[in-house]
Every structure is written in C-alpha cells, then in structure tokens.
Amino acid sequence: METNGRRRRATVKDVAIEAGVSRGTVSRVLNGQPYVSDEARAAIDAAIAKVGFVPNRAARSLVMQSSQAIGLIVHEPHSLFVEDPNIGSILLGANAALSEADYQLSFMIADGTRDIERLARYLSGGLIDGVIIVSARVGDPITRAIAELGLPAAFVGHPRDIGDAAYVAIDNRGAAREITARLAATGRSRIGMIASALDRDSGSDRLAGFVDALGNRFDPQLVERVPLYSYSDGQAGMRALLERAPDIDGVFASSDAVAAGAMDVLQSAGRVVPRDVGVVGFDDSSWALRCDPPLSTVHQPANELGRAAAESVLRQLRGEDPGTGGSVLSCPVVWRESA
C-alpha cells in the first residue's frame, strides 16, 4: 500500500475492509478466539495475504487490548524463593504451557503492602491479559484487585473466598491425613507437627489432616505454629517442640524444607532419625533427597499445577466456559527411610 510514494504497513482496518468484516471479527481471528464463522475466517485469511498484514505485538496490545502476556503472581516473601523449589517448578510448568500458545510469562512477587499496591496498579494498565496467583490468602488484596478488573485468572491452591474463580490444587488435607496415619502406624505414640503458613489454605488444610488422622490422640501441645515453609522455621519449630515435649517420637513437618530444618535440630540434640524420632514432610522436593536419611513425604505435582493453571487462563482468553470450581491433582505419599 502506497502513501505519498512510501509503502505503509497494512493494518487490522485494512484487513477488515478487504475481508468485508468488522475489525472486532479480525481481532477474534488473530487472537484465536471462537464465535467466528468458517466463511469469515477464510475471507480474513485471504485478506491478510492480499494486503500483506503482519501482526505487531505492540500494536495488538493497543488496538485489540491484548498483550499476549500472562502474569504469575507469587504472594511470598523474597527470602522463600531461594528455599522453595515448588515455586520454580510451578513457574516452569506455567511457562511451558504459555510458550506453546505463543504467550509470554510475566513473573511478579508480592511481598508486603507496597508490592501489592504496585501490582494492583500495574494490572490495571492493560499490560497483562490474565493472571495465575500462587499462595493467595483469604482476603488477599491481589485477589480483590483481579476480581474488580475482571481479569481471566486461575489460582494455584484454593483460598476460601474466591467464589467460582478457577483453581488447580491438591488435596492437602487428605494427603496430610494419610501420611500422619502412616507415621502413627510405625508405632509412634507422641506425634507432633510443625504447622506452617496457617494463613493460607495449604497450611490450614495440612493441620486439619493431621488432626483428622490422630483423632482422640491429638494433643494441641504438640503443634508448633511457624510462619513460613522454610528451613529456619523448621529449626525453630523443632527446638520449641523438644523443649515442650522432650519425649516426642514422631514429627509431621508441613513441608520438606521445614522437615530438613527439624531433622538438623534433632540430630544436633543427639536424636537418631528414625530410631528415636520418625519425621515426615510434604512436597517431595529436592529437600527430601538431600535429607539424611531420605525423607518420607507427599509428592506435590508442582510443575503440573503450573501448567494446569496456565491452561485454565488460556481457555478463558479463548472465550471458553471455564465452568465453576476447580481441578484437584493427585498427591501420593512417597515413603522413604526417615520414618
């Protein structure tokens, strides 16, 4: 196309005029959305070839209000990223699914009020088409901001206040119940728990599963609450339990990193694992195999969780009905030598 002797770049409007359809119809075809007839698609494909239209990502972001970018928001302190392999696995699983769909992953950390306010402003700027949220809490400001903006979203985990929003999760309560029951079946009579992250569904559900498994043998004095799924919190929790209950002979740690910290303290105190104290964790992460002896744990499919969350957001962007509720992935017990 010539303009004052210079060739001008073809636009969405040119394609629409040539194909005899609206610009909105062209936009839906370019974004892979449904509700376009086969005849219109064929006309648009022919028009694209005729006018020499080449999609431009920046232009599409402005004209079609599509950035081809999905945000992954992790609501955790920066310090935890070094310790928690699950976050990296979720990220990689999400990125693989988005890459296959020609979307870019934008990784964001929410650590404190200032980060949350900044992210809420960023999300309102139209630079992100949808979001994946990890470690959301009940009443989370990020959750409220996403709901107000109407962004396609999927949660990794299941906060109780997200309504019908899409989520992918594991059965934290059932898995915690199963591994605690198996620990008790080894003959332990004084079983405690280092209960982390009780401000989110994963932590509170794992504590609930622990209580379920022990029934009337549950002793609230044998539960030590700590803030994070971290090695240092495992150390602090185990020290507190030993001081309060020196006869403890079993420990369910709410993550592998917490279990590794607990084992370090037990061994420093002269307790042999598993002879004196059986220890089990949760995640089946790299921490589990670095422990000595290797850790009995629950396998958390972190990579698959990330992929499933990304695929849920992509389905919403294609205009497909995500339905209500979410999907729950399998999380079997992996039994090793620590208990």
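**Close-up views of a predicted model**

Arginine 307 is partly exposed, at 25% relative accessibility, in this predicted model.

**View A. Salt bridge between arginine 307 and glutamate 311.** The N to O distance between the two side chains is 3.3 Å. Arginine 307 and glutamate 311 lie four residues apart in helix α14 (residues 302–317), and are therefore separated by about one helical turn. An α-helix has 3.6 residues a turn, so residues three or four places apart point the same way. Glutamate 311, with a relative accessible area of 32%, is likewise partly exposed.

**View B. A network of salt bridges joining Glu76, Arg137, Asp199 and Arg200.** These residues are linked through salt bridges that share partners. In one of the pairs, aspartate 199 meets arginine 200, with the closest N and O atoms 3.2 Å apart. Aspartate 199 is partly exposed at 41% relative accessibility, whereas arginine 200 is buried, at 5%. The structure holds 15 salt bridges.

**View C. Salt bridge between arginine 275 and aspartate 276.** The closest N and O atoms of this pair are 3.1 Å apart. Arginine 275 is exposed, with a relative accessible area of 62%, while aspartate 276 is partly exposed at 26%.

**View D. Helix α11 (residues 231–244) and its surroundings.** The helix has 14 residues and reaches 20 Å from its first C-alpha to its last, close to the 20 Å expected at 1.5 Å a residue. Its buried residues are Asp233, Gly234, Gln235, Gly237, Met238, Leu241 and Leu242. The elements that cover these buried residues include the strands β8 (191–196), β9 (223–226) and β10 (250–253), together with helix α12 (256–268).

How values were computed. Residues are numbered from 1 along each chain as its sequence is written. This is a predicted model: local features need pLDDT of at least 70, side-chain atom pairs count only at pLDDT 80 or more; totals for chains, interfaces and linings use all residues. Side-chain values use heavy atoms; hydrogens and water are left out. Helices (H or I, at least four residues) and strands (E, at least two) are DSSP runs, numbered from the N terminus. The expected span of a helix is 1.5 Å times one less than its number of residues. Buried means under 20% relative accessible area, exposed over 50%, partly exposed in between (1.4 Å probe, protein chains only). Contact means heavy atoms within 4.5 Å. A salt bridge is a side-chain nitrogen of Lys or Arg within 4 Å of a carboxyl oxygen of Asp or Glu.
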